Amino acid sequence: MSLLALLNHLLNFVAPALAIGFMCALAGRVFGRRTGAPAWWIQGAINFGVGTLVLLAGLVFSGRDGAMITYAALVLACATSQWTVSKSWQK
């Protein structure tokens, strides 16, 4: 496999985590609180990291990429991460 093909596969692997992570961060800015929370791009980066870990765990446990249970876990993990990072449990 060439370097360009490897890079293409890696970018396609993490693309769902990037999209969901930053969409959660932007939705948190629109619908959530703004006091005391980090910048939206920091929230998106944290969500992206959590999402990438979930995708890797799904690949290890299911043995293949793209399982629907992995994508469901990705959405739940990014939503939980966004809730935690944006400090939504505080009054």
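1. L18 is found in helix α1; helices (H or I, at least four residues) and strands (E, at least two) are DSSP runs, numbered from the N terminus. With a relative accessible area of 42%, L18 is partly exposed. Here buried means under 20% relative accessible area, exposed over 50%, and partly exposed in between, with a 1.4 Å probe and protein chains only. The C-alpha atoms of L18 and N47 are separated by 8.0 Å, although the two residues are 29 apart along the chain.

2. On the source: this is a predicted model, in which local features need pLDDT of at least 70 and side-chain atom pairs count only at pLDDT 80 or more, while totals for chains, interfaces and linings use all residues. Residues are numbered from 1 along each chain as its sequence is written, and side-chain values use heavy atoms, with hydrogens and water left out.

3. Overall layout. The protein chain has three helices and zero strands, in the order α-α-α from the N terminus. Its C-alpha atoms fill a box of roughly 50 × 25 × 15 Å along the principal axes. Of its 91 residues, 29% count as buried. Among contacts (heavy atoms within 4.5 Å) with a separation of 6 or more, 57% are between residues 24 or more positions apart. The accessible surface is about 6,000 Å², and 75% of that area belongs to carbon and sulfur atoms; the areas come from the Shrake-Rupley method with a 1.4 Å probe, and for residues only the protein chains shown count as cover.

4. Helix α2. This helix has 23 residues and reaches 32 Å from its first C-alpha to its last, close to the 33 Å expected at 1.5 Å a residue; the expected span is 1.5 Å times one less than the number of residues. Its buried residues are Q43, G44, N47, G51, T52, V54, L55 and G58, and they pack against α1 and α3. Just after α2, G63 takes a positive phi of about 85 degrees.

5. T52. This residue lies in α2, which covers residues 40-62. T52 counts as buried because its relative accessible area is 17%. Its side chain reaches the backbone oxygen of F48 at 2.8 Å. Leaving aside residues up to four places away in sequence, T52 touches V14 and A17.

6. The core. The largest nonpolar core has nine residues: F13, V14, A17, C24, V54, L55, L74, A77 and C78. Such a core is a set of buried Ala, Val, Leu, Ile, Met, Phe, Trp, Tyr and Cys residues joined through side-chain atoms within 4.5 Å. At least two of the core residues come from each of α1 (3-31), α2 and α3 (68-85), and α1 gives the most, with four. In soluble globular proteins, nonpolar side chains tend to be buried together.

7. The cysteines. The structure holds zero disulfides, a disulfide being a pair of cysteine sulfur atoms within 2.5 Å. C78 counts as buried, since its relative accessibility is 0%. Not counting residues up to four places away in sequence, C24 touches N47, C78, A79 and Q82. N47 is itself one of the buried residues of α2.

Methods
Polar contact = N/O pair within 3.5 Å; in protein donor to acceptor, adjacent residues only side chain to side chain.
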